[in-house]
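Let's take a walk through a protein chain together. Keep the picture open as you read.

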Amino acid sequence: MAAENCSDGGQDPNPCYLQKFRLYETRSNFYMVGRDKSGTLCRILKIDRLDPSELTVLEDSTTYPEIECYDLLRRIHEGNRSTGGLKFVTACYGIIGFVKFLGPHYMLLITKRRKIGAICGHTIYAISKTQMITIGNSPVQSNMAYSKNEKRYKKLLCSVDLTKDFFFSYSYNVMHSLQRNLCKNETGLLNYETMFVWNEFLTRGIRNNLKNTLWTVALVYGFFKQVELSVSGRDVKLTLIARRSRHYAGTRYLKRGVNEKGRVANDVETEQIVFEDVPEGCPTQISSVVQNRGSIPLFWSQETSRLNLKPDIILSKKDPTYEATKLHFENLARRYGNPIIILNLIKRCEKKPRETILRSEFANAIRYINKSLTKENRLRFLHWDINRHSRKATNVLELLGRVADYALNLTGIFYCQVTPNCRPEGLLDLTCVLQNDEHFAQIPCDKSDDVEKLDIDVGSDNQSSTENVKPPMFQTGVLRTNCIDCLDRTNVAQYAYGLMALGRQLHAMGFTESQTIDQSSPLAEDLMGVYEKMGDTLALQYGGSAAHNKIFCQRRGQWQAATQSQELFRTLQRYYSNAYMDAEKQSAIN
């Protein structure tokens, strides 16, 4: 959720965030009372229950002390005593959105939440329990709510398990990377329109009506894990975030390749954040690095088959000018800047052409697009058949580490020193960054934006504390990795990149003398475990089974027969999910 005004009088320097809510009802209206973190200030929202055609939501612009709020509720109760008065419905932690099928509107609420981490003092939550409330109270609407088709649509929506792999924050824009959050001052309304907010459509009505995001939470879908590491006797927190795009979203065989708008299937942004675990309020160092995965941006498909574990790959549409492919890479450049480095892990030769069909066409597309780009902005295209190398007695992770090193030399990482939660209820921005003026004259945040001049006041009292402040570092460009599904092979490559990046992050923070981490170190093992969990989660979302982790298992020296048995089970599990379960799952996502 974004910062919103607490009163009518302009932008409040300490914006409030409503975090706890109580829902009440009368026969004609719902009343939602929202409280800030301290529980001392309240706002009131009224939702009309009698208009069957429109969602009518009105917000009281007054911020009430708790006593005045209860007095107002008492008066509403007295005024509605003849029709049953004011009744308590449920406590909740935010509105997921509103939806209408054939009958009444429904309101989706978060009724239980759990803390899964924190970034610079800003708590990140997952959903533990939700509730769907029927808004309409007219007889016609009530009858429609029990119709056969209405029940089917409700069942489809409820089959999306919001307690699994969705996360949110009230005070941190978790849909954006750390670098973007620190470099931009974006409002809540704009944040919901990004590709990583999955309830954008469900919240559109209330956001457009109220022109704020006080009452709703922005849900990101993917993976979030925070772990504690020990490096050279110092405590470090590592956070791994995977944000799945809501555009062209769906299951493995039903969503492949690219669409006309340049959106690709299984498009996931992965961010690795590292910061020093220090007492709250103390300055800390923080670093992040972002990488991307996504389906090969061509028009291609595979027929779901109950008889064939490996359906044929079909180039479904010939695009001689590769317009959709070009749109995809233009979008990446707007999001991350240049250069765009593409690591293509698919096979280079096969007895029966499958992956090689896409390999040659993808190469043709990149060659065509690069003809119209300046030398410095050309796409950097790397072919590397991971299957071929893993069959040999070669260290796949070591070779992938060299690719990661090459990419990091081109893009860099993000690093700065910050004062966490410098505004107790506010978002992170560059006013939280410790700095020397000379380093912050101009900072390129995204290639798509004009370079902004940042006016940061560093008073004379702070001069001694900023003398030893390291200059910030910024990531410009991104590594984009793909295989066929962008699951198993891609996850191994992303781990190799993450390990190489972690070495640079810890070195920038002054924790290590070397920029590289030994693959056999406990630190590498810990990181591998987190990436393995991420890979399993993303594979279950898109493919229907946990990831194939053969290379990770080999790295740990696991018994080969046990590894092969696990791989076979996951292949069969994925096959069953794709052949029998994906159609309904796709309908629910749609």
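D165 sits in the loop that links α3 (148-158) and β9 (166-168); helices (H or I, at least four residues) and strands (E, at least two) are DSSP runs, numbered from the N terminus. This is a predicted model, where local features need pLDDT of at least 70, side-chain atom pairs count only at pLDDT 80 or more, and totals for chains, interfaces and linings use all residues. Residues are numbered from 1 along each chain as its sequence is written, and side-chain values use heavy atoms, with hydrogens and water left out.

Back to D165: its phi is near 75 degrees, a positive value in a residue other than glycine. D165 is partly exposed, at 24% relative accessibility (buried means under 20% relative accessible area, exposed over 50%, partly exposed in between, with a 1.4 Å probe and protein chains only). N266 isn't a glycine either, yet has a positive phi of about 50 degrees. You'll find N266 in the loop between β11 (234-244) and β12 (268-276), and it's buried, at 4% relative accessible area.

Now look at the loop between α7 (323-336) and β16 (340-344), where P339 has its place. The peptide bond from N338 to P339 is cis, with omega near 10 degrees. Why point these spots out? Because most residues other than glycine have a negative phi, and most peptide bonds are trans.
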